[in-house]
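Subject: Structure handover

Hi,

Here is the structure I promised. Please open it alongside this note, and read on for what turned up.

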Amino acid sequence: MNIGIDVGGTNVVAGLIGDSGEVFFKKKQPTRAREGYEAVLGRIEALVGQVMAEMRGQSPESVGIGVPGIVSADGKNVVSCPNLFWKNKPLKRDLEEKIHLPVYLANDATVAGIAENRFGSSQGCRDAVMFTLGTGVGGSVILGGRVVNGVHGVASEFGHMIVGDGLYRCNCGKMGCLETYSSATAVIWLAKKRIEEGCETEVLSMAGGDPEAVNAEMVINAAKNGDAVGLECFRSMTDHLGIAISNLVDVLDPEICVLGGGVAHAGAFLLEAVQKSTVKKITYKSLVKPEIVLATLENDAGLVGASCIKEYLYD
């Protein structure tokens with residue numbers, strides 16, 4: 001058994017994970033990141049202690065942690081984690097000194113990909129990619145059963161792949177990032193722009209007449225109803241996601257592509273559109289038939305994937 005920890009901007013969650021991916025129990029505390037690194041580190045230590053107290057004398061093999069930022073290629077440091085206001089923090093060393101157990105770190109999107117590959121929709125596939133579609137766009141690549149981390153630990157930043165001229169400038173400073181087309185943020189941005197331009201759309205009525213209340217679910221539901229603005233936003237999202245997936249298919253030739261995150265709750269409606277967009281753009285149409293599926297693990301994916309980091313990155 002291992003302990004998995006999911007560090008988010010709102011909460012830190014720790015759980016005891018069995019060898020088959022079952023979550024035996026879990027504990028949670030508010031992150032309160034603005035109190036600083038040492039305070040959050042203390043909460044992580046406390047959560048590990050609470051989980052271990054439930055084990056009644058047993059000891060976990062290791063602790064895995066998923067963080068919403070860049071982890072160094074050697075797995076020792078959190079290089080950059082804007083949501084937590086962390087930069088170059090030696091989290092592995094600091095936590096190991098406190099809990100006296102091996103600690104393994106990875107980016108949260110990487111952790112999601114690990115969870116799906118070990119226990120979810122890409123289980124049994126040695127070559128898999130995953131897109132996490134939420135406020136931003138994250139990604140993971142597993143080749144030959146191992147996570148592709150890159151020389152500097154920044155591999156799989158799918159959200160910053162250039163897929164167009166750009167609707168607006170990405171937070172990274174570039175134009176044309178996938179994140180500015182295929183995230184929930186991008187869908188909302190384009191819908192609000194059309195509303196500001198005076199386009200009639202049921203998205204606005206769904207939001208109670210308040211453009212600031214628009215969310216991605218409203219836009220996608222409007223698209224399902226055939227609303228013109230909803231369809232434009234949805235097609236922009238799926239067309240550019242198809243470009244990104246086809247690029248990865250041409251370069252990596254994965255067995256499967258998993259779509260997860262909040263936007264993926266659109267389900268079959270999203271999946272069908274992305275499949276059509278991708279097939280149009282891949283190079284070897286007669287040879288390659290990429291399987292695109294929805295993620296199956298939900299809220300505990302971060303915990304479960306974190307508990308498996310070691311075997312995908314550091315064995």
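The expected span of a helix is 1.5 Å times one less than its number of residues. Keep that in mind for helix α9, residues 268–281. Its 14 residues should span 20 Å, and its end C-alpha atoms are 20 Å apart, so the two agree. One caution: this is a predicted model.

Which residues of α9 are buried? They are L270, L271, V274, S277 and T278. These cover an arc of only 140° around the axis, which puts them on the same side of α9. An α-helix has 3.6 residues a turn, so residues three or four places apart point the same way. The face turned away from the buried side carries exposed A268, K276 and K280.

What covers the buried residues? The cover includes β9, α8, β12 and β13.

β12, α9 and β13 make a right-handed β-α-β unit. β12 (residues 256–260) and β13 (residues 291–294) run parallel, joined by four bridges. In this pair, C257 stands opposite I292.

The largest nonpolar core has 45 residues. F131, L241, I245, L259 and L270 have the most contacts inside it. Helix α8 gives the largest share of this core, 10 residues. Beyond its neighbours within four places in sequence, L270 is in contact with L133, F234, M237, T238, L259, V263 and A264. Apart from this core lies another, of 29 residues, with V12, L41, I44 and L91 among them.

Best wishes

Technical notes:
Residues are numbered from 1 along each chain as its sequence is written. This is a predicted model: local features need pLDDT of at least 70, side-chain atom pairs count only at pLDDT 80 or more; totals for chains, interfaces and linings use all residues. Side-chain values use heavy atoms; hydrogens and water are left out. Two strands pair if DSSP finds at least two bridges between them. Helices (H or I, at least four residues) and strands (E, at least two) are DSSP runs, numbered from the N terminus. A crossover is right-handed if, with the strands pointing away from the viewer, the path from the first strand over the helix to the second runs clockwise. Buried means under 20% relative accessible area, exposed over 50%, partly exposed in between (1.4 Å probe, protein chains only). The arc is that of the directions from the helix axis to the C-beta atoms. Contact means heavy atoms within 4.5 Å. A nonpolar core is a set of buried Ala, Val, Leu, Ile, Met, Phe, Trp, Tyr and Cys residues joined through side-chain atoms within 4.5 Å.
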